[in-house]
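I opened the model to look at one helix and its surroundings, and then at a sheet. My notes follow.

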Amino acid sequence: MKKKFIAMLLAATMVFSLAGCGDKPNNDNQGGGSTPASDTTPADNNGGQGEATPEPAADEVEKPSEITILVDGTVFTEANGREQFIAKLQELTGIEKINVIQPDHDAYYDNVGQIIAGGDWPDVMILSSTYYSGYAAEGVLWDMTEAWENSELRQRQIAYDGAGVVEGMYIDGVLYGMPAARGNGCVTYVKQAWIDQYNGGKVPTNYAEYSEMCANFVANGKYAVSAAGFVGGEAPYINYLPEFYQDAYPSFYQKEDGTWADGFTEDSMKDALQRMADAYAAGWIDPTTLTNGTKDCRNKFFSDEFGVFTYWAGTWATNLKNGLANNGVDSELVALSPIAEVGTYLDRIPPVWCISSTCKNPEGVFKYFIEPMQDGGEVQFLWTYGVEGVHWSTAAETLYEGTEQEKVYEEGQFHGLDNLETPGSQYTKAHIDPALALVDLANDPADESRASENLASSTLFAQNSRLAVLVPTTDEMSQYNGDLTTLKNSLIAKVVMGEMSIDDAYAQFEADGGAKWSQMIVDSLNNR
């Protein structure tokens, strides 16, 4: 089984759809998402720390003394106080030693593949929806269905209307991963100063107006748009360039009649490619988009190199605003309602915490590591805000004294401390975004004060997004979709950058086996 999985993993990326599968109902509470904990910026919070949930009797489930976890940059990195965070987590959970494997955030899944291929699997790993289905199908993940359904965690999530998000992670009636928060999605932010200066104050509502705005930005010597690739590296693939994709989707999705299709083979995708190719040729799209990571885009946005950035709703509205201010750039942003042709933004499936099937004590890891993460008390507070004195404080103090950023806090007033990795910005959260939690956090300081732009973008997204759930995995999906996705992404890039016509790209798609692989996967989905 391991050999089969390894062969699949090294080539494959799994898929995402706009409609449902799985056996569990009520997947109606997704929204929100994890973002790198090392990239936090200022927000004013007020509040205190909750109480710990009483520990169950020790004889119920054996507590592991040591575990190894594989995590991305949504957990505090070494530069951002990971040592202190893990020490506090060990203290609160009673797990004596938590070993951390943390590759670079942008290269996380490349490293996951290598680690799994090496055969020395961690006890716990964070997985996006892109990989979750594939790992589950190949036997890499432990079945946590019974553990969750009989847990106090489930009752806490039900009480806070968060259990539906977990139910949305079932695959053929089985739960293999636990989300720490709702999934979230992206909205398009445009710099207000650019709208006022270059576009006559007009906010676009359709693609014609959006195109006019981009053209006006370029006419004034600016790039209009940048993104981390022309197609996303994981589902939902199109969320960073929605105005160009519109109704197109480059992977598999389920139609209204319940049948499956590959959106890449449809005319809507060809239309999207034409829009992107035209925009690239006109200079609207940053020419380094193909190789950008998300951090590259943020840095360029902060240095005023482009004006239209589609990025996460909620906390990131504040992070972007403060990142601009810290760079001396006008920080006012307009969060666009979806233009008419887009209709709704995509609400992604949340990342999940999974226990590997080789874990020696999965029940203990679930009980003493997974469950406390959402205990509503001390451990959840740690995962939400980090360590007192390192990431946050309630002491009376002045931050950034003598600068435009100066902030004065009274004794007892909760506030993020200066970022260890990027001085000049404050921490706003840890792994769990408080606005996206699945369990009510006692005495959450976010209840007292939430930045207006955070609330506005979250509300806009919630009112203008559609849900997405997992695409089921089949043998054909595991065998062919890795090469198929690589081929699609290569052709998309070549068309957008003017290196190949759309007709030639689809001829190449046929010649290289893409059309055959695509049809085999579609048939396997429809014959399940």
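I began just after α18, where glycine 513 takes a positive phi of about 95°; helices (H or I, at least four residues) and strands (E, at least two) are DSSP runs, numbered from the N terminus. This is a predicted model, in which local features need pLDDT of at least 70 and side-chain atom pairs count only at pLDDT 80 or more, while totals for chains, interfaces and linings use all residues. Residues are numbered from 1 along each chain as its sequence is written, and side-chain values use heavy atoms, with hydrogens and water left out.

For helix α18 (residues 502–511) I listed Ile502, Ala505, Tyr506 and Phe509 as buried (under 20% relative accessible area, with exposed over 50% and partly exposed in between, 1.4 Å probe, protein chains only). They lie on the same side of α18 because they cover an arc of only 90° around the axis, taken from the directions from the helix axis to the C-beta atoms. Exposed residues Asp503, Glu510 and Ala511 sit on the face turned away from that buried side. I found the buried residues packing against α11 (267–281), α17 (475–496) and α19 (514–526), contact being heavy atoms within 4.5 Å.

I then turned to an open sheet of four strands, ordered β8-β11-β7-β12 with mixed pairing, where two strands pair if DSSP finds at least two bridges between them. Its edge strands, β8 (223–225) and β12 (333–335), each pair on one side only. Strands β7 (residues 186–191) and β11 (residues 306–312) run antiparallel and are joined by five bridges, and valine 190 has valine 308 in β11 as its bridge partner.
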